[in-house]
Amino acid sequence: YCYIFTNYLMSDQDGVVTCFAMKKGEAVAVFKTLPGQKIARLELGGVLNTPQEKIFIAAGSEIRGFTKRGKQFLSFETNLTESIKAMHISGSDLFLSANYIYNHYCDCKDQHYYLSGDKINDVICLPVERIPCITPVLACQDRVLRVLQGSDVMYEIEVPGPPTILALHNGDGGDSGEDLLFGTSDGKLGLIQITTSKPVHKWEIRNDRKRGGILCMDSFDIVGDGVKDFLVGRDDGMVEVYSFDNANEPVIRFDQMLSESITSIQGGCVGKDGYDEIVLSTYSGWVTGLTTEPTYKESGPGEGLKISQEMQNKIASLRLTLEFSISHKVALNSQQPSYLCLPGIKGVCHQSDVPIDLLDVDKNSAVVSFSSCDSESNDNFLLATYRCQANTTRLELKIRSIEGQYGTLQAYVTPRIQPKTCQVHQYHIKPLSLHQRTHYIDHDRPMNTLTLTGQFSFAEVHSWVVFCLPEVPEKPPAGECVTFYFQNTFLDTQLESTYRKGEGIFKSDNISTISILKDVLSKEATKRKINLNISYEINEISVKHTLKLIHPKLEFQLLLAKKVQLIDALKELQVHEGNTNFLIPEYRCILEEADHLQEEYKKQPAHLERLYGMITDLFIDKFKFKGTNVKTKVPLLLEILDSYDQNALIAFFDAA
């Protein structure tokens, strides 16, 4: 929604645009349009350098325009083959993007076109009244901002995560008109100056608090110091207000957690003159506000919240007729939890045909119960049910998978509505699910190489890569050859994937990654009756390199487990002796940090076992490529791990 003077606009999934005005503290409808296709985007526009009072909506492949009184003055069918996902209005210029297609129109006439190699999440244009040339910017899923000139890419900007939202700094591009804010799906924020020759990275806010992804942003002086702050809404319900210090660095001033994802955010004066507000819309359709007005009031007998009869009837009708929809996000390869959002969750049942761990999330109040599974007979490794408390609208899950084991996780979601219904959502766990896209890799590392040749097309080998790895666009990229870089988020190993028609080359510093790719790609080619010629080059030094990457994580987990085991015994001694003066400093430190250590250990169940499993796989894979089966030596390897010493482990790998 956007604001018109003291009014505000909303669009919903039924295709209805509603304009409200606040009168005597109550929301009064100014106009409401007829239902239509689901509205993907709503923007305000008008003649440049005049109040932006015209309302534009994107629904399907159509753009419609309304006056501030609700009269339709424009219906423009773009004839795009995909539904419009993002839109930006600047004077008579209209910038649209669908999943992969970008179009620029001027006075509803086609001007420029661009086909992106990955999904386009948002589109914006630098202010044409301040910048001499039209400069659109696309936020693409492959962690890149693409700056266009006409139908061509002027240059690309690499950002630290998949960008989901773009906004002009201060609403007008800042002092230069070239400053652009971006937010990412993994919760990072940044400011970039888009010059004619190259980008200038000004600052970046990392998501150290592990909050949700960025869904919306706005600039408004809510603090009242004469400098515009920027407002942020996240998909975990967090609202943030950032101000700027003397060095123009962003500093968080306020934050507020709501119970649902924030789908839109705006600053302005809506409810009461003289008091600025932040108005938000949430996933299930609520509009709420945060105000600067003091809210301390006394209520007399019989006073309470007044809801009109019309509103009561509407609420009752919605309760009876609501068709529930689910907003969900899954990130199996990062530390972000997955989200399931809908108006009132009663319970969620999870079933998986591959081994995965469901980890505790502090924000959850749901009660979880696990059912025993017979994994040998029916490939059912997980059956868990989350029973949610009343008024629960969001459930967060943290999932840990094992690379090399792939399949499907299913979520059966039951809402608190009548009649009883259920939706099933499937999430594919990929063979290399712990990998994520990156812009660069270290080419100086010792690399192992897997080469595939055969009678397969570019589209076929691309589909295999999509099956194996996350963050790869489903649509084959333009050109005859493509290279993708990946990083393992757990071990920090890397993978380079280069392929074309008839050839695929995969390089990694982890032998286990090469082994997984070899097995999975061979299986996929066999399904399609394609004959593959497979060759590989193994670098012996890479094994020692991978063990050194695992070493600090393994050492930390072993030390943590040892300390946790000592806590109960040390507490008994403390009770018996009455003090801890007789203990050595190391043991006193363990007692002082007991709560923190136990909390850290609880957050990482089976972490040590996973590291043992990775080392065991590395050991087996090293000799598998030599044609030797060393599974009988695994018990000896586990004995060495129990009394872990890095040099002894490396010597065992060499001697075996």
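Trainee: Is Arg-143 buried or exposed?
Mentor: This is a predicted model, and its values are computed from the coordinates. The relative accessibility of Arg-143 is 5%. The limit for burial is under 20%, so Arg-143 counts as buried.

Trainee: Which class of accessibility does Cys-108 fall into?
Mentor: Cys-108 occupies the loop between strand E11 (101-106) and strand E12 (109-115). It is a residue other than glycine with a positive phi, near 65°. Its relative accessibility is 35%. Buried means under 20% and exposed means over 50%, so Cys-108 counts as partly exposed.

Trainee: How many disulfides are found in the whole structure?
Mentor: A pair of cysteine sulfur atoms would have to lie within 2.5 Å to count. Cysteines are present, including Cys-19, buried at a relative accessible area of 0%, and Cys-388, buried at 9%. The search over the whole structure gives a disulfide count of zero.

Trainee: Which backbone nitrogen does the side chain of Thr-33 reach?
Mentor: Thr-33 is in the loop between strand E4 (26-32) and strand E5 (39-45), and at 11% relative accessibility it counts as buried. Leaving out residues up to four places away in sequence, Thr-33 touches Gly-15, Val-16, Val-17 and Phe-66. One of these residues supplies the nitrogen, at 2.8 Å from the side chain: Val-17.

Trainee: What is the relative accessibility of Leu-495?
Mentor: Leu-495 belongs to strand E40 (residues 494-500). Beyond residues up to four places away in sequence, its contacts include Leu-432, Ile-441, Phe-484, Phe-506 and Leu-517. Leu-495 counts as buried, with a relative accessibility of 0%.

Trainee: How far apart in space are Leu-495 and Asp-442?
Mentor: In sequence, Leu-495 and Asp-442 are separated by 53 residues. From C-alpha to C-alpha, the distance between them is 9.9 Å.

Trainee: How many residues does the largest nonpolar core have?
Mentor: Leu-554, Ile-615, Leu-649 and Phe-653 have the most contacts inside this core. Leu-554 is in contact with Ile-615, and also with Leu-608, Leu-611, Tyr-612, Leu-641 and Tyr-644, leaving aside neighbours within four places in sequence. A second, separate core has 17 residues, among them Leu-395, Ile-399, Val-413 and Tyr-427. The residue count of the largest core is 51.

Trainee: What share of the residues of the protein counts as buried?
Mentor: The protein contains 10 helices and 42 strands. It exposes about 32,700 Å², of which carbon and sulfur atoms supply 49%. Out of 656 residues, the share that counts as buried is 49%.

Trainee: How many contacts beyond near neighbours in sequence does the stretch 297-305 have in the model?
Mentor: The average pLDDT of the protein is 86, and 89% of the residues score at least 70. Residues 1-8 are below 50, and that stretch has 46 contacts beyond near neighbours in sequence. Where pLDDT is low, the predicted coordinates should not be read in detail. Residues 297-305 are also below 50, and the number of such contacts for this stretch is one.

How values were computed. Residues numbered from 1 in each chain as written. Predicted model: local features only at pLDDT ≥ 70, side-chain atom pairs only at ≥ 80, totals over all residues. Heavy atoms only, no water. Buried < 20%, exposed > 50% of the residue type's maximum accessible area, 1.4 Å probe, protein only. Core = buried A, V, L, I, M, F, W, Y, C linked by side-chain atoms within 4.5 Å. Contact = heavy atoms within 4.5 Å. pLDDT = per-residue confidence, 0-100. Helix = DSSP H or I, 4+ residues; strand = E, 2+ residues; numbered from the N terminus. Polar contact = N/O pair within 3.5 Å; in protein donor to acceptor, adjacent residues only side chain to side chain. Areas by Shrake-Rupley, 256 points an atom, 1.4 Å probe, with all protein chains shown as cover.
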